[in-house]
Amino acid sequence: MTLTTGASASGLSATQPNPQDLVKVTIDGIDISVPKGTLVIRAAEQLGIAIPRFCDHPLLEPAGACRQCLVEIATPDREGNLKKMPKPQASCTITVSPGMVINTQQTSPVADKAQQGVMELLLMNHPLDCPICDKGGECPLQNQAMSNGRGESRFVDTKRTFAKPIKISTQVLLDRERCILCQRCTRFSAEIAGDPFIDLQERGAGQQIGVFSPEILGIADGRGHGSGDGTGHGNGHAHGAEHAPGAAADDPGGIDALAAASAIGVSQGPAELDESGQPFSSYFSGNTIQICPVGALTGAAYRFRARPFDLVSSPSVCEHCASGCSIRADHRRGTVLRRMAGEDSVVNEEWNCDKGRWAFQYAQLPDRLRTPMVRDAATGELVEASWLEAVAVAAAGLRDAAEAGLRAGVLVGGRVSVEDAYAYSKFARIALRTNDIDFRARPHAAEEEAFLAHAVAGRGLTVTYADLEAAPAVVLAGFEAEEESPIVFLRLHKAATRRTPTAVFSIAPFASHGLVKLNGSLLTCVPGDEPRLLASLAATSGGQGLDEGREALRLPGAVLLVGERLAGVPGALSAALSLAQATGARLAWVPRRAGERGAVEAGALPGLLPGARPVADAAARVDIAAAWGVDHVPSFAGRDTSGIIAAAAAGAALVVGGVDPDDLPDPALAHAALAASSFVVSLEIRDSAVHQYADVVLPVATVTEKAGAFLDWEGRLRPFEAALATDALSDHAVLDEIARELGVDIGAADTAALRAELAALGEWDGQRIDPPQVAANSPATRGDGVVLATWHQLLDAGRGQDGEPYLAGTAHRPVARLSAPTAAAHGLAATGHVMVTGRTGAITLPVVVTDMPDGVVWLPTNSRGSAVRAGLGSAAGDLVSLSAAGPDAALVAAGTTAASTGSAGSTTPGGHA
Amino acid sequence: MATTLTPVLSSFWDDPKSWTMKTYRDNDGYCALRTALGMAPAAIIDAVKASGLRGRGGAGFPTGMKWGFLPAPDGGPRYLVVNADESEPGTCKDTPLMLAAPHILIEGVAITCYAIGAERAFIYLRGEELHVYRRLLQAVAEARAAGYLGTDVLGSGRTIEVVVHAGAGAYICGEETALLDSLEGRRGQPRLKPPFPAVAGLYSRPTVVNNVETIASVPSIIANGAEWFSGMGTGKSTGYGLFSLSGHVKRPGQYEAPLGITLRELLDMCGGIREGHELKFWTPGGSSTPIFTAEHVDTPLDFESVGAAGSMLGTRALQIFDETTSVVRAVLRWTEFYAHESCGKCTPCREGTYWLTQVLRRVEAGHGTAEDIDVLLDTCDNILGRSFCALGDGATSPITSAIQYFREEFEAGMHTPAWELFPYHRSAIVPVGELVGASR
């Protein structure tokens with residue numbers, strides 16, 4: 001007999017095991033052969049024998065804590081005589097051994113009695129509040145109490161009670177008296193997310209889950225005595241508990257929390273706090289709610305909102321990033337009430353991030369568009385219109401602009417489905433007869449387009465999640481996995497914390513929260529210097545502290561992940577391609593937005609037709625024209641996003657598909673261009689900054705209201721069906737209508753037909769666009785300037801997170817990071833505020849002294865009080881200036897509370913992050 | 001032939017300064033270490049195996065065999081951890097040993113480290129015992145200064161360092177894997193086994209965990225030979241041990257005698273039950289072992305005989321109770337201890353002790369119900385062998401055994417408070433005045 005300790009034992013291997021690695025056992029009289037290392041509880045599952053369990057979870061290390069899964073086991077001794085183990089065994093911790101005979105509750109009175117006994121003990125202190133508990137109806141405790149418990153309790157004494165609930169964060173609430181202490185949540189936090197934000201404290205019957213709290217631990221200065229008395233002395237115990245957590249729940253108290261944080265050795269000041277003032281917990285905290293086998297952990301957004309049996313569950317795909325999570329949307333009478341992580345072992349396993357779980361209110365806000373609008377010529381106001389009228393006005397406007405030589409450009413945005421992106425691509429080329437189309441609503445470059453055309457488009461599944469997990473080394477270049485693609489982070493964390501860990505390297509100015517959790521190595525880089533660092537890695541020597549990374553990249557299976565940020569650094573993507581070539585490392589591009597990879601494949605780029613076909617290639621154009629049934633597709637070079645904006649500034653018309661001008665590289669210019677454009681058509685789900693300039697606004701469907709698919713960063717198709725039945729139209733259906741009005745059939749009415757058509761185009765077998773070979777800029781002369789570093793936080797002021805204050809409260813508090821010498825050189829106090837001044841404005845944030853290169857300041861790109869593009873007018877790598885800011889400035893920055901970030905209005909521009 | 005005391009560990013406790021290096025040297029201290037360093041490590045392990053020494057922490061696992069479970073050296077560190085977290089009600093042998101003669105333990109640690117190839121040993125001491133902690137720190141410092149510990153022990157070239165670690169006050173940390181977690185700075189809760197400590201113990205390295213008395217017995221085996229040791233005791237329970245008598249006896253204390261001695265003999269040595277009273281029940285090995293009654297006074301106190309009589313030798317903590325004692329009250333006090341000390345990790349122990357305590361409180365107060373005895377026994381059945389570690393098992397022993405021998409007292413709890421049946425002041429060892437007795 002052996003008990004498992006490795007992760008391999010928790011799940012079955014994906015590959016077929018060798019017959020000699022199979023172990024034959026007998027469960028309840030039925031023989032079964034299972035792979036060596038299989039847990040008894042899993043072997044029983046394969047036979048359809050359900051052993052009740054609570055602490056067991058297939059993706060977590062075995063704990064053996066709840067003791068609910070006890071079974072009787074006998075194993076053969078050396079002579080082959082079957083010897084029964086003296087005690088019932090926890091089937092969630094014991095692995096199969098040859099000849100093992102297992103009797104579950106089905107065939108063993110001892111196992112059945114043991115399980116009934118444990119169940120009675122679990123229920124003894126559990127409140128009988130199922131009728132008002134969120135878990136009621138989908139509760140493993142409720143269900144298994146019915147299947148494996150006794151009908152009545154013999155317990156007539158005093159139940160253990162606690163004050164309820166504790167705020168783990170603004171979003172996660174804990175009702176301790178419901179908790180059965182299975183430790184799934186704490187194990188998830190430590191093992192999967194790497195954020196041990198909750199842990200067990202106290203002991204015996206007083207044991208409880210919680211965040212670090214001096215009150216509960218009874219170590220608060222002269223306040224209360226905590227609930228340290230673990231004997232469960234009935235009332236006395238409950239009395240002690242009533243005071244302590246009450247304070248914690250009512251007022252998380254930034255000062256107390258900071259004191260608590262410093263008490264456990266944390267010294268990152270405000271960077272360790274979330275927006276509510278509590279110590280930052282985790283981007284993955286919602287998973288603890290989902291795996292809680294009772295109603296102890298609940299989400300503030302869903303608490304008391306619905307009964308599970310009133311909900312309709314629809315499988316869907318998350319729209320927030322390129323991780324491609326399978327999710328489940330639970331809705332009632334046309335309203336989504338919650339979202340859960342879906343199961344997909346090759347992508348998100350059973351997890352998702354808090355943004356994917358909770359950021360869905362945006363689709364239900366009052367500014368949601370339901371009716372088309374056209375600008376009234378007389379009043380200059382947008383007024384509601386019929387679809388017929390709006391489409392007619394849109395088509396007429398676009399036709400007139402084209403006739404006036406102001407042909408429209410198409411800004412697609414990064415959030416569209418593959419089918420929508422493909423429809424935009426067809427619409428531009430067939431209906432508008434232009435190649436002026438670009439999905440990149442962010443810093444971009446021609447180099448990036450060449451990179452995408454050469455290395456990404458049409459390459460299929462080159463690097464997968466499984467490849468990341470198996471890689472000996474992964475280098476992140478301009479990519480913060482935890483902030484930009486959280487499930488990539490989770491998979492890297494899994495790889496980096498196993499017995500033979502994946503070595504992770506990050507090319508960045510400082511070691512982020514995420515990199516530290518990955519035990520990663522920082523390849524320190526000032527923004528703008530990435531090309532030189534990548535080139536040094538490609539070379540066989542040179543550069544300080546690069547040898548380890550250099551060798552790691554040359555190991556078979558090593559992966560280089562590049563993020564959207566590299567597009568803004570001339571020469572960086574060229575250098576990344578050269579590095580991959582030089583080392584043999586596999587390269588993958590991880591965009592931040594869900595629709596970007598699909599838009600590349602759909603040809604929503606000026607120089608690229610669908611299926612990786614270059615516009616410049618006549619054969620490719622013929623190919624596409626034939627497939628589309630048109631004479632030809634435009635051959636002249638298209639404009640990219642910046643070019644389209646520049647043209648609009650000169651009067652060209654615009655078709656805007658969900659783009660926020662403040663996300664663009666130059667928001668001031670974007671606003672001016674929208675104002676100057678002769679005709680603006682906007683396809684949007686909500687009111688947007690574009691609409692003050694729009695001539696026609698056409699409402700479109702959200703992900704839950706339409707069918708479609710995203711391509712995740714791997715290039716894996718993530719199809720979804722409409723969860724809600726509404727009359728909202730997908731972008732492609734609206735474009736199809738406009739095209740018809742223009743007298744053109746682009747064949748974009750039907751989602752399935754579009755997807756089939758795109759698939760039928762097949763791979764381009766002609767010449768690919770050459771890899772870009774852009775030289776790096778020479779290092780800038782800094783003078784007094786400081787180089788700006790910036791990237792997005794997962795939870796920030798993005799419009800997709802609007803309307804969810806509980807989620808917003810868990811975001812990282814915005815801070816400015818700089819080194820101690822930089823702070824000193826600019827007269828900044830280590831605990832003060834800094835005003836960062838850029839081209840068009842300034843941002844003031846608390847200083848957090850960070851181990852990073854001198855002369856660099858980091859700001860979050862689009863967080864509360866830190867809208868870098870709109871507020872600063874600067875981009876990563878630009879020079880900015882620093883000055884000390886007084887507390888008044890700090891007050892301004894803190895004036896917008898976490899709860900109102902969702903609708904911060906004009907001061908806090910949002911993006912479709 | 002009457003058994004006599006065999007003072008080995010306790011031979012010089014009566015010296016005015018028994019804890020000093022000088023006293024220990026005057027009593028042949030550290031001679032065994034010198035002998036051991038002249039032996040091959042394997043020969044020491046063989047000697048300990050041949051002596052038949054079994055773990056003195058309660059479970060009685062053969063010590064030499066435990067050492068033999070260590071995998072072959074791989075060049076990495078391996079550790080000796082001494083379990084000095086003595087916390088069970090009634091158990092009081094390691095504490096006086098370390099207080100009176102800490103150098104015996106230090107010498108045993110040094111010999112054991114040499115035998116198992118460990119360069120570093122940890123003594124995990126119960127945190128409340130500040131005075132013992134100071135004595136141990138002093139002893140380690142003295143031993144280090146004298147060259148018995150350090151980087152070149154007695155010129156052998158071997159490094160042996162000892163860390164004395166004070167726990168934070170949790171009975172569970174006497175469970176060896178919880179002890180290791182606590183020593184590593186984690187929450188003290190038992191680990192899943194395997195891997196066993198011998199394979200992956202402290203800091204995931206091969207580790208031997210032994211009780212204080214076990215390690216302290218090693219020097220005498222090296223000095224006097226395995227045969228000398230195995231010549232004492234009975235059958236598979238060889239050697240001597242400290243028997244701690246407490247409660248209603250005339251001279252409570254530690255009596256060092258060969259295993260197999262009987263309570264009758266020990267009572268003779270300690271002057272018997274207190275004047276005018278008679279034995280009612282007793283624990284052979286601490287509160288985790290099922291109680292015995294007067295009918296067991298001639299049961300040889302060795303592992304096999306006590307086991308055959310339905311209890312366990314445990315830590316030889318003999319708590320003696322006379323006829324004035326309410327067994328319900330005694331059992332409740334023990335059960336409250338287990339409820340207080342349950343670590344909370346597993347359901348049966350955490351919830352079960354919480355429940356048992358409440359039922360027993362009602363029975364003590366005379367408010368028991370007709371179902372209570374069945375509930376007590378059934379709940380014990382649902383804890384015993386179902387909990388994660390032995391703490392839960394131990395919690396059931398006093399209850400089931402007490403109901404077995406004194407069921408009528410539990411039945412009386414349905415109508416009469418225990419303090420009426422057995423006025424508590426009568427069982428007090430130190431007279432406490434009428435007030436306390438009247439109120440309870």
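Colleague: In β11(B), which residue is the bridge partner of S244(B)?

Modeller: Bear in mind that this is a predicted model. Strand β7 (residues 240-247) of chain B and strand β11 (residues 317-322) of chain B run parallel, joined by 4 bridges. In β11(B), the bridge partner of S244(B) is A317(B).

Colleague: Which are the edge strands of that open sheet in chain B?

Modeller: The sheet is open, with 5 strands in the order β8-β7-β11-β9-β10 (chain B). Its pairing is mixed. An edge strand here pairs on one side only, and that applies to β8 (253-258) and β10 (292-293) of chain B.

Colleague: Why is chain B described as being as compact as a globular protein of its length?

Modeller: Chain B comes to 20 helices and 11 strands. The globule rule gives 22 Å for 440 residues, and chain B is close to that, so it is as compact as a globular protein of that length. Its C-alpha trace spans about 70 × 45 × 40 Å along the principal axes. The radius of gyration behind the comparison is 22 Å.

Colleague: What percentage of the residues of chain B count as buried?

Modeller: Start with the contacts in chain B that have a separation of 6 or more: 72% of them come from residues 24 or more positions apart. Burial is counted over the 440 residues of chain B. The buried part is 57%.

Colleague: Which element gives the largest share of the side of chain B that touches chain A?

Modeller: The contact takes 33 residues from chain A and 32 residues from chain B. On the chain B side, the elements giving two or more residues are α14 (327-341), α15 (347-364) and α16 (372-383) of chain B. That side divides into 13 nonpolar, 10 polar and 9 charged residues. The largest share, 10 residues, comes from α15(B).

Colleague: Why is strand β35 of chain A largely enclosed by the rest of the structure?

Modeller: A residue is buried if 20 or more other C-beta atoms lie within 10 Å of its own. Strand β35 (residues 833-837) of chain A is largely enclosed because of its buried residues, which number 4 of the 5.

Colleague: In β40(A), which residue is the bridge partner of T837(A)?

Modeller: β35(A) pairs in the antiparallel sense with strand β36 (residues 842-849) of chain A over 5 bridges. There V834(A) stands opposite L845(A), and the two strands form a hairpin with 4 residues between them. β35(A) also pairs in the antiparallel sense with strand β40 (residues 879-885) of chain A, over 5 bridges. In β40(A), the partner of T837(A) is S881(A).

Colleague: How far apart do the C-alpha centres of domain 4 and domain 6 of chain A lie?

Modeller: The assignment places domain 4 of chain A at 373-442 + 597-761 and domain 6 at 786-907. In their contact, 6 residues of domain 4 of chain A meet 7 residues of domain 6 of chain A. The domain 4 side divides into 3 nonpolar, no polar and 3 charged. The C-alpha centres of domain 4 and domain 6 of chain A lie apart by 33 Å.

Notes
Residues are numbered from 1 along each chain as its sequence is written. Chains are lettered from A and ligands numbered from 1 in the order in which they are written. This is a predicted model: local features need pLDDT of at least 70, side-chain atom pairs count only at pLDDT 80 or more; totals for chains, interfaces and linings use all residues. Two residues are in contact if their C-beta atoms, placed from the backbone, lie within 7 Å. Ala, Val, Leu, Ile, Met, Phe, Trp, Tyr, Cys and Pro count as nonpolar, Asp, Glu, Lys and Arg as charged, and the others, Gly among them, as polar. Domain bounds come from an automatic or database domain assignment. The radius of gyration is taken over C-alpha atoms; the globule rule is 2.2 Å times the number of residues to the power 0.38. A residue is buried if 20 or more other C-beta atoms lie within 10 Å of its own, exposed if 12 or fewer, and partly exposed in between; C-beta atoms are placed from the backbone. Two strands pair if DSSP finds at least two bridges between them.
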